[in-house]
Amino acid sequence: MDSMHFRNPYGPPFPQRRGKGYPNLPGHVFQPTKSEYHNRRIEILYSPAKDHYIRCDDFEDKIVKGFDKLCYAEYNCSRIMDKEANLAYLGRSPDSDNAHARMDWRFDFTRVGLQIRSLQIRFPSHSFNEGCVNVAFYGQQGDGNVDHVDISETSDYLEIPEAVGWQQFCLSAAIYNEVMDGSLSQLFRQPLTCDATDRSSLYPLRITIDFDDVESLQYQF
């Protein structure tokens with residue numbers, strides 16, 4: 001999975017060590033909780049205005065603060081609050097002299113013997129002055145084959161039919177903005193002050209995964 005995970009359409013792989021000039025590697029991997037296992041569903045939300053994730057649960061949602069806390073790796077990314085424009089979003093760190101930025105989220109269901117029945121995602125992004133965002137899935141089935149699926153810049157709730165049967169995957173967002181030409185890319189842009197009460201407006205990022213059992217495998221918590 002690591003060789004698949006660290007592919008980068010804009011350059012070399014993420015260096016797998018810490019230090020100046022290297023990525024932040026929180027190393028988080030989403031695996032089903034006991035409740036998610038029994039419900040056969042994972043749902044993840046994120047709001048840059050609130051700067052927290054919600055991991056939805058029938059009994060009590062789990063809230064995790066910090067845009068990088070649930071990612072596997074990130075490089076040169078920041079949460080940006082533009083008070084003049086009343087906007088919050090994730091983007092390339094504004095003080096950086098590097099045009100590249102990237103965030104990866106990683107999911108693994110092999111331990112509990114589940115595979116994807118359906119995967120839906122809303123991953124809005126906006127780019128200006130030739131800024132660019134590449135969003136891609138790298139998914140792996142039980143046979144070890146890797147699927148590479150690019151998704152477009154869209155605010156629509158999108159189903160990924162290629163994900164059926166995946167037992168693990170990486171979601172990767174690569175940003176490219178030339179430092180001096182005013183290019184700009186924004187992930188999950190939303191108003192800093194949002195009066196909406198529905199989760200669809202409050203949480204621009206949404207990932208919903210429904211599961212089936214992997215045939216002939218039985219796992220217990």
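# Close-up views of a predicted model

**View 1. His52 sits inside the fold.** At 10% relative accessibility, His52 counts as buried. The cut-off explains the label, because buried means under 20% relative accessible area. This is a predicted model. His52 lies in strand 3. Which residues does His52 touch, leaving aside those up to four places away in sequence? They are Leu45, Tyr46, Ser47, Ile63, Val64, Lys65, Gly66 and Tyr203.

View 2. Strand 3 covers residues 52-55. His52 and Ile54 point one way. Tyr53 and Arg55 point the other way. Are the four residues of strand 3 buried or exposed? All are buried.

**View 3. Strand 3 pairs with strand 2.** Strand 2 spans residues 41-47 and pairs with strand 3 in the antiparallel sense. The pairing runs over 4 bridges. Ser47 stands opposite His52.

View 4. Strand 4 spans residues 62-65. Its pairing with strand 3 is antiparallel, over 4 bridges. Which residue of strand 4 stands opposite His52? It is Lys65. Strand 3 and strand 4 form a hairpin too, with 6 residues between them.

View 5. Strand 6 (residues 77-82) pairs with strand 7 (residues 87-92). The sense is antiparallel, and there are 6 bridges. Arg79 stands opposite Leu90 of strand 7. Between the strands of this hairpin lie 4 residues. Asn86 takes a positive phi near 60 degrees here.

**View 6. Two further residues have a positive phi.** Arg40 is not a glycine, yet its phi is positive, at about 55 degrees. Where is Arg40? Arg40 is in the loop between helix 2 (34-39) and strand 2. Phe188 is not a glycine either, and its positive phi is about 65 degrees. Phe188 belongs to strand 15. This residue is buried, with a relative accessible area of 0%.

View 7. The largest nonpolar core has 41 residues. Which residues have the most contacts inside it? They are Trp105, Leu119, Phe123, Phe137, Phe169 and Ile209. Several strands each supply at least two residues of this core, including strand 8 (100-108), strand 11 (132-140), strand 14 (168-176) and strand 16 (205-213). Strand 9 gives the largest share, 5 residues.

View 8. How many disulfides does the model have? The count comes to 0. A disulfide is a covalent bond between the sulfur atoms of two cysteines. To be counted, the two sulfur atoms must lie within 2.5 Å. The cysteine sulfur closest to that of Cys71 is in Cys77, 8.0 Å away, so the gap is too far for a bond. Cys71 is buried, with a relative accessible area of 0%. Cys132 counts as partly exposed, at 23% relative accessibility.

**View 9. The start of the chain calls for caution.** Over residues 1-20, pLDDT stays under 50. The model has 48 contacts for this stretch beyond four places in sequence. Where pLDDT is low, the predicted coordinates should not be read in detail. The protein chain averages a pLDDT of 84, and 83% of the residues score at least 70.

**View 10. The whole chain, for orientation.** The protein chain has 3 helices and 16 strands. Of its 221 residues, 49% are buried. Take the contacts between residues at least 6 apart in sequence: 73% of them join residues at least 24 apart. The chain exposes about 11100 Å². Carbon and sulfur atoms supply 45% of that area.

How values were computed. Residues numbered from 1 in each chain as written. Predicted model: local features only at pLDDT ≥ 70, side-chain atom pairs only at ≥ 80, totals over all residues. Heavy atoms only, no water. Buried < 20%, exposed > 50% of the residue type's maximum accessible area, 1.4 Å probe, protein only. Pairing = 2+ DSSP bridges. Core = buried A, V, L, I, M, F, W, Y, C linked by side-chain atoms within 4.5 Å. pLDDT = per-residue confidence, 0-100. Contact = heavy atoms within 4.5 Å. Areas by Shrake-Rupley, 256 points an atom, 1.4 Å probe, with all protein chains shown as cover.
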